[in-house]
Amino acid sequence: MTAAGDNASDERGTRRSVVALLASVFTASMASMAGATVLGKQVYDLTGREIDLGLLGLAEFAPAAVLVLVTGAVADRFDRRKIAAIAATFEAAFALGLAWYATTEPTSVGPIFLLVLGFGTARAFVAPSTRALPSDIVPPDRLPWLMPRQSAVWQFALIVGPVTGGLLYTVDPAVPYVFMAGLLLVAAGALLVVRVRPGTADTPAVAPPDPVLEAGIDAGGGPTEAGLTGRAALSEAMDGLRFIRRQPILLGAISLDLFAVLFGGAVALLPAIAEERLGVGAVGLGWLRAAAGVGAGLVTIVLALRPVRRRVGRTLLIAVAVFGFGTIALGATRSYAVAFVALAVLSGADAISVFVRSTLVPLVTPQAMRGRVLAVENVFIGASNELGAFESGVAGAFLGPAGAVVLGGAATLVVAGSWSILFPALRDVDGFPGSVNEPRDQRAT
C-alpha cells in the first residue's frame, strides 16, 4: 500500500474514532444530566431540605477525591478505552439500583446516597481515561478543532438530558434511571470502537510556541515514562499532583475552575429555587437545567466555527467573571424567564471556560502524564461541581437558596479578579501550544 493509501486509511480510522468518542460523550452526558435532574428532585421531594441537596453533591464527589491517586495511575498504565468502558458498565449497574429503589416507595434518602457513592466510584475511573482520549485520537494541532465539537455534543446532551429526565420522572420515578442505564451501556460500547494514534504512548510533551506559555511551563519538571520505572506506586500516583503544582499555567487554570464554581454552584439548588421561588415542578425544573445547555450550546457553536486562538488567558478570566454575574442574576430573580436567561448566560460563559481549560491542559501535559494530571483535574472539577453543591446546600440551609446563590456569584467575581493577579502566566497566555497560529511577528499586522 502506498503512503497516500496509508494516510487515507489513518484518516478514516481517525474519523471513526472521533464519531465513536462523540457518541460516547453524548450518551454518557445525557445519562448524567438526566440522573442529576431526577436525583435532585427525588431527594428534595423526600426531605424538602437544601442541606440534603448539598449532601448529594458530596456523595458524588467523595469517591473521586479518595481515589485520585489510583484512578490517574490506572488511566496511564492500562488501556484507557477499556477502563472507561468497564467503569461505565458499573455506572449502569448502580443506575439500575436507583431504579429498583425508586419502585419501593422510598421514605429515606440514605440508600440513595449509598448508591450515588457507588456510581461516583465508577465515574472516578471514567473521567481521567475519557478526558485523555481526545489528545490520544488526534494530533495536537487538531485538538482545538475537536474540543468545541466534543463540547457541542456535551451541551446538546445538557439540553436533552434534563428535559427527558424531568418528563420521565412524571411518568414514574424509576423510569429515568432505567433510561440512564441504557445510555451508559451504549456509551461503554462506543468507547471500545475508539482507536488511538500509533505511538501515542511515546509522544513527548508539545513544545509551546508562545513565549509567555513557554515561560509558564517547566519543560523539565514532568517525569518521563522511563523515569517512573523504579518508583513506588504511591510516588507514581502523586506525580500528577506534583506536576500541576510546578506549572503555574496548569495550576492557575485548574484552580480557577475549582474556586469559581465552588462558590458559584447555583445549579445544585435549582430544585429548591424552582419550587420555592419560581413555583414550577419536575418539568419546569428539567427545562431550567436545559437552559444551561441552550446557552452553552449556542456559545459552543460559535467556538466550533471560530475557536478562541488569541488572548486565551484573558478570555478565560472574563468568562469566569460573566459566570459570576449570571449567578447573581439567577439568585436575585423570581421570574422564570429571567432565571432561564440567567442560566443560559452563565452556562455560555462556562462553555468558554471549559473549552479553554480542556484544550490547554492536555496540550501542556506530556502524554505519559495525562492520566494522572487529568485525574487530579477531575478532583478539582468534582470539587467545583459536587463539593460546590455541598457548599451551596449548607449556605442555602442558613441563607435560603436565593441568598446562597447571590453570595456565591459575588465570590466568583472576587476569584476571577484575584486569579488575574495571582497567576500572570495564565492571564498572559496568548495561543494554545501546538495549534496552527500565525507567527507572532505577523499578528500585529
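**Entry 1: H4 against H5**

I began with helix H4 (residues 80–102) and helix H5 (residues 110–137), which in this predicted model pack with their axes 8 Å apart and at an angle of about 155°. Since angles over 145 degrees count as roughly antiparallel, I noted H4 as roughly antiparallel to H5. I then looked up the hand of the crossing of H4 and H5, and it is left-handed. For the residues of the contact of H4 with H5, I wrote down 17 nonpolar, five charged and four polar.

**Entry 2: H3 against H5**

Staying with H5, I turned to helix H3 (residues 68–77), whose axis comes within 9 Å of that of H5, the two crossing at roughly 45°. The crossing of H3 and H5 is right-handed, whereas I had recorded the crossing of H4 and H5 as left-handed.

**Entry 3: H6 against H12**

Next I looked up helix H6 (residues 143–171) and helix H12 (residues 282–305), and found that their axes come within 8 Å and cross at roughly 170°. H6 and H12 are therefore roughly antiparallel to each other.

**Entry 4: salt bridges**

I went on to the charged pairs, where the count comes to seven salt bridges, taking a side-chain nitrogen of Lys or Arg within 4 Å of a carboxyl oxygen of Asp or Glu as the rule. The pair I followed up was Asp-45 with Lys-41, which form a salt bridge whose closest N and O atoms are 3.3 Å apart. Both Asp-45 and Lys-41 belong to helix H1 (residues 3–47), where they are four residues apart, or about one turn of the helix.

Last, I asked myself which residues make the nonpolar surface patch of about 320 Å². I found that Ile-318, Val-322, Val-341 and Val-345 make this patch. Helix H13 (312–332) and helix H14 (336–363) are the elements that give two or more residues to the nonpolar patch, and I checked that Val-341 lies in helix H14.

Definitions and conventions: Residues numbered from 1 in each chain as written. Predicted model: local features only at pLDDT ≥ 70, side-chain atom pairs only at ≥ 80, totals over all residues. Heavy atoms only, no water. Axes fitted to C-alpha atoms, helices over the stretch in contact; angles between N-to-C directions. Parallel < 35°, antiparallel > 145°, perpendicular 65-115°, else oblique. Left-handed = near helix turned anticlockwise from the far one by under 90°. Nonpolar A, V, L, I, M, F, W, Y, C, P; charged D, E, K, R; others polar. Patch = residues over 30% accessible without salt bridge, like charges linked within 9 Å, V, L, I, M, F, W, Y side chains within 5 Å. Areas by Shrake-Rupley, 256 points an atom, 1.4 Å probe, with all protein chains shown as cover.
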